[in-house]
Amino acid sequence: MIERIKQHFTDVLHIWRSEMVKVFKDEGVLMFLVVVPLGYPLLYSWIYNNETLHETPVAVVDQSHSALSRQFVNDCDATPNVEVKYHADDLDEARSLVSRQLVKGIYLIPSDFAERINRGEQATVSVYCDMSLMLAYKNVYQTAMVEAARLGAGLKIKRSTIYTKREAAITAQPLAVTDVAMYNPSGGYGSCVLPAVLMILLQQALALGIGMAAGTARERHRNGQLVPDDDPHYRGAYRIVWGKALCYAMTGAVAAAYLSMAVPAMFSFPQLGSGWTLFWLLLPYTLASIFFGMTVSCLVRYRENVMLIMVFVSVPLLFLTGVSWPQSSIPSYWQGVSWLFPSTFGVRAFIRANSMGASVSQILPEIRYLWIQAAAYLGMACLVYRYQFRLMRKATGRRALLGNKYAGR
(Lines give C-alpha, C1' and ligand atoms only; values in the text may rest on other atoms or scores of the structure.)
Protein backbone atom coordinates (compact mmCIF):
# COMPACT_ATOMS: atom_id res chain seq x y z
CA MET A 1 0.00 0.00 0.00
CA ILE A 2 2.79 2.40 0.96
CA GLU A 3 4.66 1.54 -2.21
CA ARG A 4 1.57 2.23 -4.25
CA ILE A 5 1.11 5.65 -2.62
CA LYS A 6 4.76 6.45 -3.25
CA GLN A 7 4.32 5.46 -6.88
CA HIS A 8 1.28 7.74 -7.11
CA PHE A 9 3.30 10.68 -5.82
CA THR A 10 6.21 9.81 -8.08
CA ASP A 11 3.95 9.73 -11.13
CA VAL A 12 2.24 13.02 -10.19
CA LEU A 13 5.58 14.77 -9.69
CA HIS A 14 6.90 13.36 -12.95
CA ILE A 15 3.83 14.57 -14.83
CA TRP A 16 4.14 17.98 -13.16
CA ARG A 17 7.77 18.29 -14.23
CA SER A 18 6.99 17.10 -17.74
CA GLU A 19 4.10 19.56 -18.11
CA MET A 20 6.24 22.44 -16.83
CA VAL A 21 8.81 21.68 -19.51
CA LYS A 22 6.08 21.59 -22.15
CA VAL A 23 4.67 24.92 -20.97
CA PHE A 24 7.99 26.71 -21.31
CA LYS A 25 8.78 25.05 -24.64
CA ASP A 26 5.40 25.86 -26.22
CA GLU A 27 5.34 29.55 -27.16
CA GLY A 28 1.54 29.68 -27.40
CA VAL A 29 0.93 28.11 -24.00
CA LEU A 30 3.65 30.25 -22.44
CA MET A 31 2.08 33.37 -23.88
CA PHE A 32 -1.36 32.66 -22.39
CA LEU A 33 -0.16 31.42 -19.01
CA VAL A 34 2.59 33.97 -18.42
CA VAL A 35 2.71 36.84 -20.93
CA VAL A 36 -1.03 37.58 -21.11
CA PRO A 37 -1.60 37.81 -17.31
CA LEU A 38 1.49 40.04 -17.00
CA GLY A 39 0.99 42.28 -20.03
CA TYR A 40 -2.75 42.69 -20.61
CA PRO A 41 -3.54 44.22 -17.19
CA LEU A 42 -0.94 46.92 -17.80
CA LEU A 43 -2.46 47.73 -21.19
CA TYR A 44 -6.01 47.93 -19.82
CA SER A 45 -4.94 49.96 -16.80
CA TRP A 46 -2.98 52.46 -18.87
CA ILE A 47 -5.95 52.96 -21.17
CA TYR A 48 -8.25 53.79 -18.23
CA ASN A 49 -5.54 55.50 -16.16
CA ASN A 50 -7.26 58.90 -16.42
CA GLU A 51 -10.28 57.36 -14.64
CA THR A 52 -12.74 60.11 -15.66
CA LEU A 53 -13.62 61.80 -18.95
CA HIS A 54 -12.95 65.55 -19.19
CA GLU A 55 -13.52 68.32 -21.73
CA THR A 56 -16.23 66.56 -23.71
CA PRO A 57 -16.72 68.65 -26.90
CA VAL A 58 -20.18 70.15 -27.46
CA ALA A 59 -21.76 72.52 -29.98
CA VAL A 60 -23.99 75.44 -28.96
CA VAL A 61 -26.89 76.81 -30.99
CA ASP A 62 -27.61 80.16 -29.30
CA GLN A 63 -30.74 81.62 -30.85
CA SER A 64 -31.24 84.05 -27.98
CA HIS A 65 -27.97 86.00 -28.19
CA SER A 66 -28.64 87.48 -24.77
CA ALA A 67 -26.53 88.06 -21.69
CA LEU A 68 -28.27 85.22 -19.87
CA SER A 69 -27.67 82.73 -22.70
CA ARG A 70 -24.00 83.73 -22.90
CA GLN A 71 -23.72 83.33 -19.13
CA PHE A 72 -25.17 79.82 -19.33
CA VAL A 73 -22.79 78.86 -22.16
CA ASN A 74 -19.76 80.31 -20.36
CA ASP A 75 -20.67 78.51 -17.12
CA CYS A 76 -20.89 75.18 -18.97
CA ASP A 77 -17.60 75.83 -20.74
CA ALA A 78 -15.89 76.65 -17.43
CA THR A 79 -16.60 73.21 -16.00
CA PRO A 80 -13.95 70.47 -16.40
CA ASN A 81 -16.46 68.07 -17.98
CA VAL A 82 -17.55 70.05 -21.05
CA GLU A 83 -15.79 72.17 -23.67
CA VAL A 84 -17.81 74.38 -26.00
CA LYS A 85 -16.02 73.55 -29.21
CA TYR A 86 -18.32 75.06 -31.86
CA HIS A 87 -21.04 77.72 -32.12
CA ALA A 88 -23.45 76.57 -34.83
CA ASP A 89 -25.94 78.80 -36.66
CA ASP A 90 -28.77 76.26 -36.57
CA LEU A 91 -29.62 72.77 -35.39
CA ASP A 92 -28.87 71.15 -38.75
CA GLU A 93 -25.30 72.42 -38.69
CA ALA A 94 -24.88 71.17 -35.12
CA ARG A 95 -26.22 67.75 -36.07
CA SER A 96 -23.69 67.51 -38.89
CA LEU A 97 -20.94 68.14 -36.32
CA VAL A 98 -22.28 65.24 -34.24
CA SER A 99 -22.50 62.96 -37.27
CA ARG A 100 -18.83 63.72 -38.04
CA GLN A 101 -17.96 62.93 -34.40
CA LEU A 102 -16.54 66.42 -33.88
CA VAL A 103 -18.80 66.96 -30.87
CA LYS A 104 -20.66 64.64 -28.48
CA GLY A 105 -23.65 66.86 -27.70
CA ILE A 106 -25.64 69.97 -28.56
CA TYR A 107 -27.02 72.78 -26.38
CA LEU A 108 -29.95 74.51 -28.11
CA ILE A 109 -30.98 77.82 -26.50
CA PRO A 110 -34.29 79.10 -27.96
CA SER A 111 -34.81 82.69 -29.05
CA ASP A 112 -37.22 83.46 -26.19
CA PHE A 113 -34.83 82.20 -23.50
CA ALA A 114 -34.07 85.58 -21.89
CA GLU A 115 -37.57 86.99 -22.47
CA ARG A 116 -39.29 84.14 -20.62
CA ILE A 117 -36.87 84.42 -17.69
CA ASN A 118 -37.35 88.18 -17.46
CA ARG A 119 -41.12 87.71 -17.46
CA GLY A 120 -40.82 85.26 -14.59
CA GLU A 121 -41.70 82.26 -16.74
CA GLN A 122 -39.91 78.96 -17.10
CA ALA A 123 -37.35 78.86 -19.90
CA THR A 124 -35.99 75.71 -21.57
CA VAL A 125 -32.63 74.55 -22.91
CA SER A 126 -32.70 71.53 -25.23
CA VAL A 127 -29.86 69.06 -24.76
CA TYR A 128 -29.01 66.60 -27.55
CA CYS A 129 -26.54 63.85 -26.61
CA ASP A 130 -24.60 61.23 -28.54
CA MET A 131 -25.68 58.01 -26.77
CA SER A 132 -22.95 55.85 -28.30
CA LEU A 133 -20.66 56.65 -25.36
CA MET A 134 -22.36 56.72 -21.96
CA LEU A 135 -19.52 58.61 -20.26
CA ALA A 136 -19.79 61.47 -22.78
CA TYR A 137 -23.58 61.49 -22.44
CA LYS A 138 -23.23 61.75 -18.66
CA ASN A 139 -20.90 64.75 -18.91
CA VAL A 140 -23.03 66.64 -21.43
CA TYR A 141 -26.35 66.04 -19.69
CA GLN A 142 -25.28 66.49 -16.07
CA THR A 143 -23.33 69.67 -16.84
CA ALA A 144 -26.40 71.24 -18.41
CA MET A 145 -28.56 70.22 -15.46
CA VAL A 146 -26.14 71.53 -12.83
CA GLU A 147 -25.47 74.85 -14.55
CA ALA A 148 -29.17 75.43 -15.27
CA ALA A 149 -29.94 74.88 -11.59
CA ARG A 150 -27.12 77.22 -10.57
CA LEU A 151 -28.28 79.93 -12.96
CA GLY A 152 -31.84 79.58 -11.66
CA ALA A 153 -30.65 79.84 -8.06
CA GLY A 154 -28.76 83.05 -8.85
CA LEU A 155 -31.82 84.58 -10.49
CA LYS A 156 -33.95 83.58 -7.49
CA ILE A 157 -31.57 85.37 -5.11
CA LYS A 158 -31.56 88.55 -7.19
CA ARG A 159 -35.35 88.73 -7.17
CA SER A 160 -35.77 88.01 -3.47
CA THR A 161 -35.66 90.56 -0.64
CA ILE A 162 -32.80 89.15 1.41
CA TYR A 163 -29.90 90.90 3.06
CA THR A 164 -27.46 88.26 4.33
CA LYS A 165 -25.36 85.58 2.64
CA ARG A 166 -26.94 82.94 4.84
CA GLU A 167 -30.42 83.87 3.67
CA ALA A 168 -29.20 83.85 0.08
CA ALA A 169 -27.75 80.34 0.47
CA ILE A 170 -31.01 79.02 1.99
CA THR A 171 -33.06 80.68 -0.74
CA ALA A 172 -30.88 79.23 -3.49
CA GLN A 173 -30.79 75.73 -1.95
CA PRO A 174 -33.41 75.10 0.74
CA LEU A 175 -32.46 71.41 0.90
CA ALA A 176 -28.74 70.63 0.81
CA VAL A 177 -27.74 67.26 -0.62
CA THR A 178 -24.28 65.82 0.04
CA ASP A 179 -23.03 63.42 -2.62
CA VAL A 180 -20.67 60.79 -1.20
CA ALA A 181 -18.99 58.37 -3.62
CA MET A 182 -18.60 55.16 -1.60
CA TYR A 183 -15.61 52.88 -2.34
CA ASN A 184 -14.72 54.92 -5.44
CA PRO A 185 -14.03 58.51 -4.33
CA SER A 186 -12.87 59.70 -7.74
CA GLY A 187 -15.85 58.17 -9.52
CA GLY A 188 -13.39 56.63 -11.95
CA TYR A 189 -14.38 54.19 -14.65
CA GLY A 190 -11.18 52.19 -14.27
CA SER A 191 -11.62 51.70 -10.52
CA CYS A 192 -15.14 50.43 -11.20
CA VAL A 193 -14.53 48.02 -14.09
CA LEU A 194 -10.86 46.98 -13.94
CA PRO A 195 -11.14 44.75 -10.80
CA ALA A 196 -13.73 42.63 -12.61
CA VAL A 197 -11.63 42.53 -15.78
CA LEU A 198 -8.58 41.36 -13.81
CA MET A 199 -10.42 38.37 -12.33
CA ILE A 200 -11.97 37.39 -15.66
CA LEU A 201 -8.54 37.73 -17.28
CA LEU A 202 -7.12 35.23 -14.78
CA GLN A 203 -9.80 32.67 -15.65
CA GLN A 204 -9.47 33.28 -19.38
CA ALA A 205 -5.67 33.02 -19.36
CA LEU A 206 -5.74 29.69 -17.50
CA ALA A 207 -8.46 28.29 -19.75
CA LEU A 208 -6.68 29.42 -22.91
CA GLY A 209 -3.31 28.03 -21.83
CA ILE A 210 -4.75 24.69 -20.70
CA GLY A 211 -6.88 24.38 -23.82
CA MET A 212 -3.99 25.17 -26.13
CA ALA A 213 -1.82 22.57 -24.39
CA ALA A 214 -4.58 19.97 -24.83
CA GLY A 215 -5.02 20.93 -28.47
CA THR A 216 -1.30 20.52 -29.03
CA ALA A 217 -1.40 17.04 -27.50
CA ARG A 218 -4.27 16.02 -29.77
CA GLU A 219 -2.52 17.35 -32.85
CA ARG A 220 0.56 15.33 -31.98
CA HIS A 221 -1.44 12.16 -31.34
CA ARG A 222 -3.97 11.70 -34.09
CA ASN A 223 -6.16 9.31 -32.13
CA GLY A 224 -7.13 12.04 -29.66
CA GLN A 225 -5.15 10.82 -26.67
CA LEU A 226 -3.95 13.26 -24.01
CA VAL A 227 -0.78 11.46 -22.90
CA PRO A 228 2.32 10.10 -24.66
CA ASP A 229 2.49 6.42 -25.49
CA ASP A 230 6.01 5.82 -24.29
CA ASP A 231 5.80 7.38 -20.79
CA PRO A 232 4.94 4.80 -18.10
CA HIS A 233 4.14 7.53 -15.54
CA TYR A 234 1.05 8.56 -17.54
CA ARG A 235 -0.80 5.46 -16.36
CA GLY A 236 -3.96 6.83 -14.75
CA ALA A 237 -6.45 9.64 -15.29
CA TYR A 238 -6.34 10.85 -11.69
CA ARG A 239 -2.56 11.10 -11.68
CA ILE A 240 -2.62 12.97 -14.98
CA VAL A 241 -5.22 15.45 -13.70
CA TRP A 242 -3.35 16.15 -10.47
CA GLY A 243 0.04 16.40 -12.22
CA LYS A 244 -1.27 18.86 -14.79
CA ALA A 245 -3.21 20.79 -12.14
CA LEU A 246 -0.06 21.18 -10.04
CA CYS A 247 1.75 22.64 -13.04
CA TYR A 248 -1.03 25.10 -13.86
CA ALA A 249 -1.51 25.99 -10.17
CA MET A 250 2.08 27.23 -9.93
CA THR A 251 1.71 29.59 -12.88
CA GLY A 252 -1.82 30.53 -11.79
CA ALA A 253 -0.68 31.42 -8.27
CA VAL A 254 1.88 33.88 -9.61
CA ALA A 255 -0.67 35.42 -11.98
CA ALA A 256 -3.31 35.64 -9.23
CA ALA A 257 -0.96 37.44 -6.83
CA TYR A 258 0.16 39.82 -9.58
CA LEU A 259 -3.37 40.64 -10.77
CA SER A 260 -4.92 41.04 -7.32
CA MET A 261 -2.18 43.00 -5.53
CA ALA A 262 0.53 44.33 -7.84
CA VAL A 263 -1.64 45.83 -10.61
CA PRO A 264 -4.07 47.67 -8.27
CA ALA A 265 -1.11 49.07 -6.33
CA MET A 266 0.66 50.28 -9.49
CA PHE A 267 -2.39 52.19 -10.77
CA SER A 268 -3.84 53.30 -7.41
CA PHE A 269 -7.06 51.32 -7.69
CA PRO A 270 -9.08 50.86 -4.48
CA GLN A 271 -7.29 48.23 -2.42
CA LEU A 272 -8.99 47.73 0.94
CA GLY A 273 -8.83 43.95 1.25
CA SER A 274 -6.29 42.26 3.49
CA GLY A 275 -3.78 39.75 2.19
CA TRP A 276 -5.37 36.83 4.03
CA THR A 277 -8.81 37.67 2.68
CA LEU A 278 -7.48 37.67 -0.88
CA PHE A 279 -5.63 34.42 -0.22
CA TRP A 280 -8.74 32.56 0.96
CA LEU A 281 -10.63 33.91 -2.05
CA LEU A 282 -8.02 33.34 -4.75
CA LEU A 283 -7.17 29.81 -3.62
CA PRO A 284 -10.55 28.27 -4.57
CA TYR A 285 -10.97 30.67 -7.49
CA THR A 286 -7.66 29.63 -9.07
CA LEU A 287 -8.37 25.93 -8.53
CA ALA A 288 -11.89 26.25 -9.91
CA SER A 289 -10.54 28.09 -12.97
CA ILE A 290 -7.89 25.41 -13.53
CA PHE A 291 -10.28 22.45 -13.32
CA PHE A 292 -12.82 24.39 -15.39
CA GLY A 293 -10.15 24.91 -18.05
CA MET A 294 -9.17 21.22 -17.95
CA THR A 295 -12.81 20.19 -18.41
CA VAL A 296 -13.34 22.61 -21.30
CA SER A 297 -10.04 21.57 -22.88
CA CYS A 298 -11.49 18.14 -23.62
CA LEU A 299 -13.72 19.86 -26.20
CA VAL A 300 -10.71 21.32 -27.99
CA ARG A 301 -9.61 19.40 -31.04
CA TYR A 302 -7.08 21.89 -32.40
CA ARG A 303 -5.00 24.61 -30.77
CA GLU A 304 -6.97 27.48 -32.30
CA ASN A 305 -10.39 26.23 -31.16
CA VAL A 306 -9.93 27.24 -27.54
CA MET A 307 -9.37 30.88 -28.54
CA LEU A 308 -12.66 30.93 -30.43
CA ILE A 309 -14.53 29.47 -27.46
CA MET A 310 -13.09 31.62 -24.68
CA VAL A 311 -12.97 34.89 -26.61
CA PHE A 312 -16.62 34.37 -27.58
CA VAL A 313 -17.75 34.08 -23.94
CA SER A 314 -15.46 36.76 -22.44
CA VAL A 315 -17.84 39.72 -22.90
CA PRO A 316 -20.98 37.81 -21.76
CA LEU A 317 -19.09 36.69 -18.66
CA LEU A 318 -18.39 40.33 -17.76
CA PHE A 319 -22.08 41.19 -18.07
CA LEU A 320 -23.16 38.16 -16.04
CA THR A 321 -21.01 39.16 -13.06
CA GLY A 322 -23.34 42.07 -12.30
CA VAL A 323 -20.67 44.77 -12.62
CA SER A 324 -21.76 46.54 -15.80
CA TRP A 325 -25.45 45.63 -15.33
CA PRO A 326 -27.26 45.22 -11.97
CA GLN A 327 -27.41 41.64 -10.79
CA SER A 328 -31.05 42.07 -9.73
CA SER A 329 -31.99 42.99 -13.32
CA ILE A 330 -30.40 39.91 -14.89
CA PRO A 331 -33.06 37.29 -15.81
CA SER A 332 -33.10 34.23 -13.58
CA TYR A 333 -32.27 31.95 -16.52
CA TRP A 334 -29.05 33.82 -17.25
CA GLN A 335 -28.21 33.98 -13.57
CA GLY A 336 -28.38 30.18 -13.56
CA VAL A 337 -26.05 30.06 -16.55
CA SER A 338 -23.60 32.39 -14.80
CA TRP A 339 -23.25 29.93 -11.90
CA LEU A 340 -21.40 27.56 -14.26
CA PHE A 341 -18.41 29.91 -14.46
CA PRO A 342 -15.97 30.59 -11.61
CA SER A 343 -15.63 34.22 -12.71
CA THR A 344 -19.18 35.01 -11.57
CA PHE A 345 -18.50 34.40 -7.88
CA GLY A 346 -14.82 35.32 -8.11
CA VAL A 347 -15.51 38.80 -9.50
CA ARG A 348 -18.28 39.57 -7.02
CA ALA A 349 -16.20 38.45 -4.04
CA PHE A 350 -13.05 40.23 -5.25
CA ILE A 351 -14.86 43.55 -5.68
CA ARG A 352 -16.44 43.27 -2.24
CA ALA A 353 -13.12 42.30 -0.63
CA ASN A 354 -10.63 44.50 -2.44
CA SER A 355 -12.76 47.53 -3.33
CA MET A 356 -15.12 47.56 -0.34
CA GLY A 357 -12.98 46.04 2.41
CA ALA A 358 -15.15 42.99 3.10
CA SER A 359 -13.78 40.30 5.41
CA VAL A 360 -13.64 36.56 4.79
CA SER A 361 -16.88 36.01 6.71
CA GLN A 362 -18.68 38.57 4.53
CA ILE A 363 -17.68 36.84 1.28
CA LEU A 364 -18.00 33.33 2.68
CA PRO A 365 -20.99 32.38 0.43
CA GLU A 366 -18.97 33.14 -2.71
CA ILE A 367 -15.96 31.23 -1.34
CA ARG A 368 -18.18 28.20 -0.66
CA TYR A 369 -19.59 28.31 -4.19
CA LEU A 370 -16.05 28.46 -5.59
CA TRP A 371 -15.01 25.39 -3.57
CA ILE A 372 -18.11 23.57 -4.84
CA GLN A 373 -17.20 24.51 -8.41
CA ALA A 374 -13.60 23.40 -7.88
CA ALA A 375 -14.74 20.00 -6.58
CA ALA A 376 -17.34 19.58 -9.33
CA TYR A 377 -14.96 20.49 -12.15
CA LEU A 378 -12.25 18.28 -10.61
CA GLY A 379 -14.61 15.32 -10.77
CA MET A 380 -15.65 16.17 -14.32
CA ALA A 381 -12.04 16.55 -15.42
CA CYS A 382 -11.14 13.15 -13.94
CA LEU A 383 -14.10 11.50 -15.66
CA VAL A 384 -13.33 13.08 -19.02
CA TYR A 385 -9.63 12.29 -18.80
CA ARG A 386 -10.48 8.73 -17.81
CA TYR A 387 -12.70 8.43 -20.85
CA GLN A 388 -9.92 9.79 -23.06
CA PHE A 389 -7.48 7.39 -21.40
CA ARG A 390 -9.71 4.44 -22.31
CA LEU A 391 -9.93 5.65 -25.91
CA MET A 392 -6.16 5.83 -25.99
CA ARG A 393 -5.80 2.27 -24.74
CA LYS A 394 -8.30 0.99 -27.28
CA ALA A 395 -6.52 2.83 -30.09
CA THR A 396 -3.16 1.49 -28.91
CA GLY A 397 -4.58 -2.04 -28.78
CA ARG A 398 -5.98 -1.73 -32.29
CA ARG A 399 -2.66 -0.48 -33.62
CA ALA A 400 -0.85 -3.39 -31.93
CA LEU A 401 -3.35 -5.88 -33.33
CA LEU A 402 -2.97 -4.49 -36.85
CA GLY A 403 0.80 -4.51 -36.46
CA ASN A 404 0.81 -8.19 -35.47
CA LYS A 405 -1.55 -9.02 -38.33
CA TYR A 406 0.67 -7.38 -40.93
CA ALA A 407 3.76 -8.90 -39.31
CA GLY A 408 2.22 -12.38 -39.63
CA ARG A 409 1.69 -11.81 -43.33
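1. Basis. The model is predicted, and local features need pLDDT of at least 70, side-chain atom pairs count only at pLDDT 80 or more, and totals for chains, interfaces and linings use all residues. Residues are numbered from 1 along each chain as its sequence is written, and side-chain values use heavy atoms, with hydrogens and water left out.

2. Secondary structure. The protein has 14 helices and four strands. Both are DSSP runs numbered from the N terminus: helices are H or I with at least four residues, strands are E with at least two.

3. Burial and surface. Of the 409 residues in the protein, 44% are buried (under 20% relative accessible area, with a 1.4 Å probe and protein chains only). The accessible surface is about 22700 Å², and carbon and sulfur atoms account for 62% of that; the areas come from the Shrake-Rupley method with a 1.4 Å probe, and for residues only the protein chains shown count as cover.

4. Contacts. A contact means heavy atoms within 4.5 Å. Among contacts between residues at least 6 apart in sequence, 80% join residues at least 24 apart.

5. Histidine 65. This residue lies in the loop between strand S1 (56-62) and helix H3 (67-78). Histidine 65 is not a glycine, yet its phi is positive, about 55 degrees. Its relative accessible area is 61%, which makes it exposed (over 50%).

6. Glutamine 101. The loop between helix H4 (91-99) and strand S3 (105-109) holds glutamine 101. Glutamine 101, also not a glycine, has a positive phi of about 60 degrees. At 43% relative accessibility, glutamine 101 is partly exposed (between the buried limit of 20% and the exposed limit of 50%).
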